[in-house]
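This briefing is meant to be read alongside the sequence and the coordinates.

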Amino acid sequence: VKEKVPIKPEIAKDLPPEEQLRIKFGVAKLIKIRNEIRDAYLSKTGKDVLIKSGKYATEEEIKTKLDSVNQQMQEKYRVTFGTDYVEQEYGAKLIPDGTRSRMKKPYFKNILFVGDAAGRGIFVGPRIEGLNVGIDDAVRASDAIARAIDHNNFSSDYLGEYYTKSVEESPYTTDMKQIDKDYLKIFLDAAKNVPTDIIGARYGTVLKLMSSGTIRGIADKFANILGYEKLLPLIESEETYVKVPIELAERLGETMKTDYSPSIPSLADRIAKLSYNDDNVSHIKVLKPTSEFMKNMITLCPTKCYAEENDKVMILHEGCIECGTCAQETDWKHP
Ligand code: SF4
């Protein structure tokens, strides 16, 4: 949301160094307090937590406190205010991954989907990585949202369509389309040589059609018109990945085992490979150390950041992987 934001004052260089430091710390402290209250005030959950904790009785009281901190900053330190976009509420994993199907239009009403949530993550061999796509989408979504806020127009035509067009122009989208085409071509080339009697009834007709020499030329075109999303379940089926290769191998004289257990690294193994930039100050504050939710976090936190001492749950934030699971009952900030 577009919000009033404090701008730090210039500190006069001719003041004694201790005085300069005192002002610097005083301003930083007040801005921190102000941002904490503002973040809570902007978020429904944040407001509820502050009121339930007994710190404030009503929403108006929170607003009064916010105004008084603003005033204090102005009067005491000559802090001025400008406007900028600030985060309204942190919502980790509110929207599940879109699996492997790219959404035709990455929006629904006035909700924009980015990266994995829009099915733009890259999950199969020949497709490029997902994180960069997510960041690129997020920048484009932010741009579309800022434009919608400026013109107070959140209609699908103004917000969603603008974002869709921007995503279409992304170099990642161009890459994805090309990779999809290449992938289909490789697949069709491979399918051409599979004996037609191996292919099962379920996908037989389509695969036979695609592998037929006579209509081979139009098969490529047809596949690309149909699109990668529709063909993916066909291409990545048990039939094509397991049954057909086994049958082929057996015809070539090799006996195949049909059982296979993939070795998936454990969570502990994956976490052990992470590297951290340590922050001395915890980005998470426990608000209700005796609540049932917080007690459950001792088990639920994937990196075991919570422990119980004298019936109170406490946090050791250093190992946190920012999954957001504990955000519901903690004061949670991005580190
Ligand atoms: S956000 Fe951090 S502390 Fe909270 S559950 Fe996830 S890993 Fe644990």
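## Overview of the chain

Of the 335 residues in the protein chain, 33% count as buried, and the model they belong to is a predicted one. The secondary structure of the chain comes to twelve helices and eight strands. Among contacts in the chain with a separation of 6 or more, 62% are accounted for by residues 24 or more positions apart.

**Ligand site**

- The ligand sits in the largest cavity, and 14 residues surround the ligand, the closest being C301, C320, C323, G324 and C326.
- By residue class, the shell around the ligand divides into ten nonpolar residues, three polar ones and one charged one.

**Two buried residues in helices**

- R140 has its place in helix 4, which spans residues 131-150, and because its relative accessible area is 17%, under the 20% cut-off, R140 counts as buried.
- A polar contact of 2.6 Å joins the side chain of N70 to the side chain of R34; leaving aside neighbours within four places in sequence, N70 is in contact with K4, R34 and F81.

**Two loop residues with positive phi**

- As background for the next points, most residues other than glycine have a negative phi.
- R78, although not a glycine, has a positive phi of about 55°, and R78 lies in the loop between helix 3 and strand 2, the latter being residues 80-85.
- Because its relative accessibility is 59%, over the 50% cut-off, R78 counts as exposed.
- N152 is a residue other than glycine whose phi is also positive, near 45°, and N152 is found in the loop between helix 4 and helix 5, with helix 5 running over residues 156-168.
- N152 counts as exposed because its relative accessibility of 63% is over the 50% cut-off.

Note on methods:
Residues numbered from 1 in each chain as written. Predicted model: local features only at pLDDT ≥ 70, side-chain atom pairs only at ≥ 80, totals over all residues. Heavy atoms only, no water. Near = heavy atom within 4 Å. 1 Å grid on protein atoms, 1.4 Å probe; cavity = no way out; pocket = protein on both sides within 12 Å on 5 of 7 lines; lining within 4 Å. Sits in = over half its atoms within 2 Å of the grid points. Nonpolar A, V, L, I, M, F, W, Y, C, P; charged D, E, K, R; others polar. Helix = DSSP H or I, 4+ residues; strand = E, 2+ residues; numbered from the N terminus. Buried < 20%, exposed > 50% of the residue type's maximum accessible area, 1.4 Å probe, protein only. Contact = heavy atoms within 4.5 Å. Polar contact = N/O pair within 3.5 Å; in protein donor to acceptor, adjacent residues only side chain to side chain.
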